[in-house]
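Please keep the model open while reading.

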Amino acid sequence: RPVISMDGSKLAFWRRDGGGMTAATFVVGLNRAPDGTVRAGPLRELPSAAKEGSGWPWGWSPDGTQLWYDPARWPAIEPNHLYDLARGERIAELEHPPHDIFQVTFSPDRRWLAFWESLDDGSGRARLLVARVDAAGRPAPERDWVEIARGDGSAWSPMGDVLYYQSDRDGFWCVWAQRLERDTMRVVGPPVAIHHAHTARLSIGNIGPVNRGLAASRDRVVFNMAEMTGNIWMTEFRSR
């Protein structure tokens, strides 16, 4: 689960458990060598809050100094932490017991957080929420959260006035965009389909939720799909 800071100078990633090691979240600085290759500096392991180790990194602050990550490996549920690299400590938390909150990302201006909250309806779905944050990065209380959509995976537009996300609202997993009012994060108009994936062979739905990815830049949206193919074979059984 690699997460690169906006300026490309830092990388956060997750190490699976195994080989006698617990799961862990790391951050590392990146530098470009004279020959153009990218080299990594020393690793820093972030604090975990569970004996199973920590979970996935979610998103950097726009200036690359702070990182939201899950300090507890699934199925353990702990508040998500905002970690300040310079201070070497947790400076904010985000939780909504007993629900799991995941994919926590800052808006480009750092005034808002987008995140997903699992639902209790047995559908396995989640809702996309936005919360204002103060100067320290602390999210507003639940009563002020704004629901944007239902689905999975999200990415801010560079201007922070659109959230892209994946949803099966039309019966297939497709990529949608929701325009937002930047000062309040209230939705503006209906969601717009960015890409319909309505075939069984090549589909976003062919990928499990934990393996889907979504990112947005000034002029494109990047996401992954899986292609499924098969063959029918026939053979003849001969009696001996």
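## Terms and model

In sorting lining residues by type, Ala, Val, Leu, Ile, Met, Phe, Trp, Tyr, Cys and Pro count as nonpolar, Asp, Glu, Lys and Arg as charged, and the others, Gly among them, as polar. The model is predicted.

## The cavity

A search of the whole structure finds 1 cavity of 30 Å³ or more. The largest cavity holds about 30 Å³ of space.

Its lining is made up of Ser107, Asp109, Trp112, Met159, Gly160, Arg182 and Met185. By type, the lining residues of the largest cavity are 3 nonpolar, 2 polar and 2 charged.

## Thr105

Thr105 lies in strand 9, which spans residues 101-106. Thr105 counts as buried because its relative accessibility is 19%, and buried means under 20%.

Setting aside neighbours within four places in sequence, the residues in contact with Thr105 are Trp58, Gly59, Trp112, Leu113, Ala114 and Trp156. With Trp156 there is also a polar contact, made between the two side chains at 3.3 Å. Trp112, in contact with Thr105, is also one of the residues lining the largest cavity.

## The nonpolar core

The largest nonpolar core has 32 residues, and within this core Trp68 and Phe115 touch the most other members. At least two residues of this core come from each of strand 8 (89-94), strand 9, strand 10 (112-118), strand 11 (126-132), strand 12 (146-156), strand 13 (162-167) and strand 14 (174-179). Strand 9 is also where Thr105 is placed.

Conventions. Residues numbered from 1 in each chain as written. Predicted model: local features only at pLDDT ≥ 70, side-chain atom pairs only at ≥ 80, totals over all residues. Heavy atoms only, no water. Helix = DSSP H or I, 4+ residues; strand = E, 2+ residues; numbered from the N terminus. Buried < 20%, exposed > 50% of the residue type's maximum accessible area, 1.4 Å probe, protein only. Polar contact = N/O pair within 3.5 Å; in protein donor to acceptor, adjacent residues only side chain to side chain. Contact = heavy atoms within 4.5 Å. Core = buried A, V, L, I, M, F, W, Y, C linked by side-chain atoms within 4.5 Å. 1 Å grid on protein atoms, 1.4 Å probe; cavity = no way out; pocket = protein on both sides within 12 Å on 5 of 7 lines; lining within 4 Å. Points joined across faces, edges and corners; volume = space filled by probe spheres on them.
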